[in-house]
Amino acid sequence: MDSQSQQLNVIFLPYPTPGHMIPMIDTARLFAKHGANVTIITTHANASSFQKAIKSDFNSGHPIKTQLIHFPSAQAGLPDGVENIKDATSSEILGKIIHGIEMLKDEIELLFQKLQPDCIVSDMFYPWTVESAAKLSIPRLYYYSTSYFSNCSAHFIRKYKPHEDLVSDTQIFSIPGLPHNIQITSLQLQEGVMTRNELSDYFDAIYESEGRSYGTLYNSFHELESDYEQLYKNTMGIKAWSVGPVSTWINKGDVQKRHNEDLVVESKLLNWLNSKPDDSVLYVSFGSLTKLPHAQLVELAHGLENSRHNFIWVVRRKDEDGESFLEDFEERMKESKKGYIIWNWAPQVLILDHPATGGIVTHCGWNSILESLSAGLSMITWPMFAEQFYNEKLLVDVLKIGVPVGSKVNKFWASVGEDAVVKREEIAKAVVLLMGSEEESIEMRRRARKIGDAAKKSIEEGGSSYNNLMQLIDELKSLKISRGLEKTN
Ligand code: UDP
């Protein structure tokens, strides 16, 4: 075979929401950096968030490109440019964005036929790509950036249904089948588990597609959760490759870190951070989708102020609901120099890696957890929805680097109510414990730093994630060669 026909062509199909898209783009870039010919399929507005990085990779000789498709804004009833789940400001708009994404299926199928890839790396939210890959007789890799721990927990809850025999939603039960005693309540389980709804059928299709895939890519690393990596492989019988933390890997040595074009905002922020002592700043973020009710914003503001620690807090404009409370709070914090508010979107990796940053309040989205772990930070855990409550258990009960704030109910932003508000006293108490100088706080920071070191080692040449990625690329190349031989015979 000539070198052209030996080249491995891999298509990446990300789902347009930051928590899914960012790690998949990082992974695609890693594939290209290590010799695979990569095509990312996405729409125009979504591509704009990572195009600069792809261009720069391409100019450095990495075989990577974006294949743009047109988002059906008019048919979906959306204004131009609203193509990402994070753009939703109401349930109605959210529904329209999801519908628009679903409408892209036929065009993507045609592209698969045209591009004739050797492998499709598909986001979990496209279960139908398992059929597309079967039609082309190529492997499909299932991808969703979360922990083995959370997938194992969800699997055993689906299998044994321990939540079905309880007297109340708040009764604590242990998740069966896990190597640690992990306790949870029904209120903390994902939507569609307690009571079946239309989401449950969709998730059944997703899990089924995972089982029928060639394997699963994990944005995790062996040293972080080896028991659960093993458990996943053994009990689910699915091949898996841990290739993370992908963000740390691809951004290694890049002082600019990823995106954020607003250099003025960035330099102001860096000046503020540079003026603070090492490990003295708490970074507060709830990821890209969470929407906090006004009462919670007020409690959080007071909790942070009362803790007397320095903080950076990312607030999304749509959280504000037209109130001026936060603008007044921002003014007060500017005067005291204790707090720094970032509106809408923060250069998160840049902040986490800054020496002044000493901890994070996180909603336990897996990407934020990995980015914090890589920076060696311990965390205040404040899960909101999806599998974030499982991730909290991993941080608090297994890794022992998390301080739980006391979040009790799994609710997506559209339905978050005033009833689930965490009080300012609890918030301040958690901040003081995380950032303080008690033995417990110091121990947590020590453990987090050790994990951070292990994360960095895993992506060095010869490290576990590095080796896994190289092995996977080799395996995919061998499969391509065997397919070629079958065709010629
Ligand atoms: N993120 C960011 N700036 C923000 C909010 C989020 O860069 O202001 C990035 C963050 O670094 C992470 C991703 O968006 O890579 C969010 O993913 P995560 O899994 O933490 O949470 P989700 O947004 O999916 O709930």
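User: Which strands do the four bridges join, and in what sense do they run?

Analyst: Four bridges join strand β10 (residues 281–285) to β11, and the two run parallel. Strands are DSSP runs of E with at least two residues, helices are runs of H or I with at least four residues, and both are numbered from the N terminus. Two strands pair if DSSP finds at least two bridges between them. The model is predicted: local features need pLDDT of at least 70, side-chain atom pairs count only at pLDDT 80 or more, and totals for chains, interfaces and linings use all residues. Residues are numbered from 1 along each chain as its sequence is written.

User: Which residue stands opposite tryptophan 313 in β11?

Analyst: Valine 284 stands opposite tryptophan 313. In β12, isoleucine 341 is also opposite tryptophan 313. Strand β12 (residues 339–343) pairs with β11 in the parallel sense over five bridges.

User: What do β10, helix α14 and β11 make?

Analyst: With helix α14 (residues 294–307), β10 and β11 make a right-handed β-α-β unit. Right-handed here means that, with the strands pointing away from the viewer, the path from the first strand over the helix to the second runs clockwise.

User: Is β11 mostly covered or uncovered?

Analyst: Strand β11 (residues 310–315) is mostly covered, with six of its six residues buried. A residue is buried if 20 or more other C-beta atoms, placed from the backbone, lie within 10 Å of its own, exposed if 12 or fewer, and partly exposed in between. One side carries Asn310, Ile312 and Val314, the other Phe311, Trp313 and Val315, and all are buried.

User: Changing topic: which residues come nearest to the ligand?

Analyst: Of the 17 residues around the ligand, Gly19, Gly287, Ser288, Gly365 and Ser368 come nearest. The shell takes two or more residues from each of α2 (18–33), α16 (348–352) and α17 (366–374). A residue is near a molecule if its C-beta atom, placed from the backbone, lies within 6 Å of it.

User: Which element gives the most to that shell?

Analyst: Helix α17 does, with four residues.

User: Why does the ligand lie between domain 1 and domain 2?

Analyst: Domain 1 (3–250 + 461–488) and domain 2 (256–456) both give residues to the shell, so the ligand lies between them. The domain bounds come from an automatic or database assignment.

User: And overall, how many helices and strands does the protein have?

Analyst: The protein has 21 helices and 15 strands. Of its 489 residues, 45% count as buried.
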